[in-house]
Amino acid sequence: MSEKPKYYMTTAIAYTSGKPHIGNTYEIVLADAIARYKRSQGYEVFFQTGTDEHGQKIELKAGEKGVTPKEFVDDVAGEIRRIWDMMNTSYDKFIRTTDEDHEKQVQKIFKKLYDKGDIYKGHYEGMYCTPCESFFTESQLVDGKCPDCGREVQPAKEEAYFFKMSKYADRLIDHINTHPEFIQPVSRKNEMMNNFLLPGLQDLCVSRTSFKWGIPVEFDPRHVVYVWLDALTNYITGIGYECDGESTEQFQKNWPADLHLIGKDIIRFHTIYWPIFLMALELPLPKQIFGHPWLLQGDGKMSKSKGNVLYADELVDFFGVDAVRYFVLHEMPFDNDGVITWELMVERMNSDLANTLGNLVNRTISMTNKYFGGVVTDKGVADTEEERAVDAELKAVVENTPKAVEGKMKDLRVADALTEIFNLFKRCNKYIDETMPWALAKDEAKKARLETVLYNLIASIKAGAVLIEPFMPETSGKILAQLGEDKVTEKPEILFARLDVDEVMKKVEELHPAVKEEAGAAAGEKAVIDIEAKPEITFEDFGKMQFQVGEIIACEEVKKSKKLLCSQVKIGSQVKQIVSGIKAHYKPEEMVGKKVMVLVNLKPAKLAGVMSEGMLLCAEDAEGNLALMTPEKDMPAGAEIC
């Protein structure tokens, strides 16, 4: 018997500064779906997650709470693990960076890199962002603030150890160019190459002396190891890496990692710092790093300071674990941010889960019990050409869906894979409408045909239930248990109950009074804007304007302007340069990879000395906030907008 192929995958380790919101929780659910799918394909999966527990921010928060840093992270790490378990995630290891074996290896790694000359002592002077625990030069700041989180920075100077990043930069560039699958999606690769690697890397600060909550540098204990050298190495220490050369059998088997699954906001650390650390340790690089997009609440990134945070346990109380899993997986595009709101959750619950799936299972079981006592066999009866055609079409969808899901999952397009499975369930519903079992039941001569129809339905639903297991494991089990091996259950269980959006929002408002204003806007109290009407145009006027879908392949600030960004936009086989006044709303790195709507045939003009060859379409609210107009579905660059 041949040995199963291995698949080692990780999430980013969650920072223990507080309870994770649903946007953080999305990552562990996404990783779990991938891990479960790989297991179903015959892989021996090792799935690691955990917590990142050192740093100045932790030290400060613990002081505010009047507890030690270790007491603080013990509490938060326990809460994170509780939520991961509540979401039914099947991780194999939960590592903490306060684990003794991890801390010991980090000290050894630091010493090894110092001894070989990759780390040296110096002084750091620059602008420091405490939340990001990162130094920046003045030129790297955006409007005088942190380029990563937008918060205030403070001048800081201290003795520090540095890593010689530039020593390995050319080797990393070559690796990225020769391994197109290494950084995904491609927009993340372009961002790293154009914004960081090609302009040249600065040496990286890898120790601190201004706080104590970190792993001490063994040979210079005034210093603690900088958080990223500490945190990133969890991917090897967690599976038994030994810096002295006696790594465990588990490490030998599983490294290099097949997939690092991370948020797009930490892509730089994982695709530049981490590979270079591995090169210095003479270890192979991970096979793929996937920077997933964000799950946004309403119209913005979740943040406690904004008061717009949703938590997984609250959503589970309203909708159940599998409904929340379905939503976060289904609503996240491959490389664009997704949106979550209470109202949208209710809509998906009712339409996709209660109606498309739940009602399908319920009525199939009910009809099988009513007409055949719960037992049907394949009579293979299809008397007319029309009956043969609808049977063949259903069976073709059942046969082709696993292949379609496999193709989507191979490219980590998890939302698309889930859509393929629900297309199968939708086809089953259509099959019921086409065959009308209730009508067949009225004619005794049609009994064999009726049994064939119900058998086809049960077989098709079973096939879908098996496919849906990685995404909605409890629901999969419930469906298969109700359909049974040779007899359906006597009374079908309601898988998903329909919800009234007004009742849900009333309960939400009781829990979170601040949601009332947001709910009012969603209902139309604040969400509409009236603008002054422009003169009417004819269809011929409209026909003069050419709108197409464009893909932004590069973007940079216009140096002479505080408002303008200059984008290179791919439209079909052409690339147009377009200058837009959206700098206050988008960072250049956020633009790369976006699909946007473009007015293509606008007369070229110079803006701040830079030629612009078109216009990006945006929406603007009453407060002047802008949002790029993007296609609802993934469309190719150059598609006509009509």
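I call a residue buried when its relative accessible area is under 20%, exposed when it is over 50%, and partly exposed in between, using a 1.4 Å probe and protein chains only. I am working on a predicted model, in which local features need pLDDT of at least 70 and side-chain atom pairs count only at pLDDT 80 or more, while totals for chains, interfaces and linings use all residues. Residues are numbered from 1 along each chain as its sequence is written, and side-chain values use heavy atoms, with hydrogens and water left out.

**Entry 1: cysteines**

I searched the whole structure for disulfides, meaning pairs of cysteine sulfur atoms within 2.5 Å, and the search gave 0. Cys 618 is accordingly in no disulfide, and the nearest cysteine sulfur, which belongs to Cys 555, is 12 Å away. Because its relative accessibility is 32%, I put Cys 618 down as partly exposed. Cys 243 has 8% relative accessibility and so counts as buried.

**Entry 2: overall form**

I counted 22 helices and 25 strands in the protein, where helices (H or I, at least four residues) and strands (E, at least two) are DSSP runs numbered from the N terminus. The C-alpha trace spans about 90 × 70 × 50 Å along its principal axes. Of the 642 residues, 52% count as buried. Taking contact to mean heavy atoms within 4.5 Å, I noted that residues 24 or more positions apart make up 74% of the contacts with a separation of 6 or more.

**Entry 3: nonpolar cores**

For a nonpolar core I used a set of buried Ala, Val, Leu, Ile, Met, Phe, Trp, Tyr and Cys residues joined through side-chain atoms within 4.5 Å. The largest such core has 97 residues, and Ile 34, Phe 319 and Phe 471 are those with the most contacts inside it. Helix α13 (residues 342-372) gives this core its largest share, 13 residues. I listed what Phe 471 touches beyond four places in sequence, and found Ala 33, Arg 325, Leu 329, Met 409, Val 414, Ala 417, Leu 418 and Ile 421. Another core, of 56 residues, lies apart from the largest one and includes Phe 163, Ala 169, Leu 204 and Leu 232.

**Entry 4: helix α18**

In helix α18 (residues 473-483) I found Pro 473, Thr 475, Ser 476, Ile 479, Gln 482 and Leu 483 to be the buried residues. They pack against α1 (22-40), α12, α13 and α17 (447-468). Gly 484 follows α18 and has a positive phi, near 65 degrees.

**Entry 5: aromatic pairs**

Rings of Phe, Tyr and Trp (its six-membered ring) pair if their centres lie within 6.5 Å, with planes under 30 degrees apart counting as stacked, over 60 as edge-to-face and the rest as tilted. By that rule I found 23 aromatic pairs in the whole structure. One of them, Tyr 241 with Phe 251, is tilted, at 5.4 Å centre to centre and 55 degrees between the planes. Tyr 241 lies in the loop between α8 (234-237) and α9 (249-254) and Phe 251 in helix α9, so this pair ties together parts that are 10 residues apart in sequence. Tyr 241 is buried at 6% relative accessible area, and Phe 251 is buried at 5%.

I also looked up Tyr 326 and Phe 422, a tilted pair at 4.8 Å centre to centre with 45 degrees between the planes. This pair links distant parts of the chain, since Tyr 326 is in helix α12 (residues 321-330) and Phe 422 in helix α15 (residues 414-435), 96 residues apart. Tyr 326 is buried with a relative accessible area of 1%, and Phe 422 is buried at 3%.

Tyr 8, Phe 46, Tyr 235, Tyr 241, Phe 251, Trp 255 and Trp 274 form one aromatic cluster.

Asn 254 is in helix α9 and is buried, at 5% relative accessibility. Beyond four places in sequence, Asn 254 touches Lys 6, Tyr 8, Phe 46 and Ile 239.

Glu 393 is in helix α14 (residues 385-410) and is partly exposed, at 37% relative accessibility. Leaving aside neighbours within four places in sequence, I found Glu 393 in contact with Arg 427 and Lys 430.
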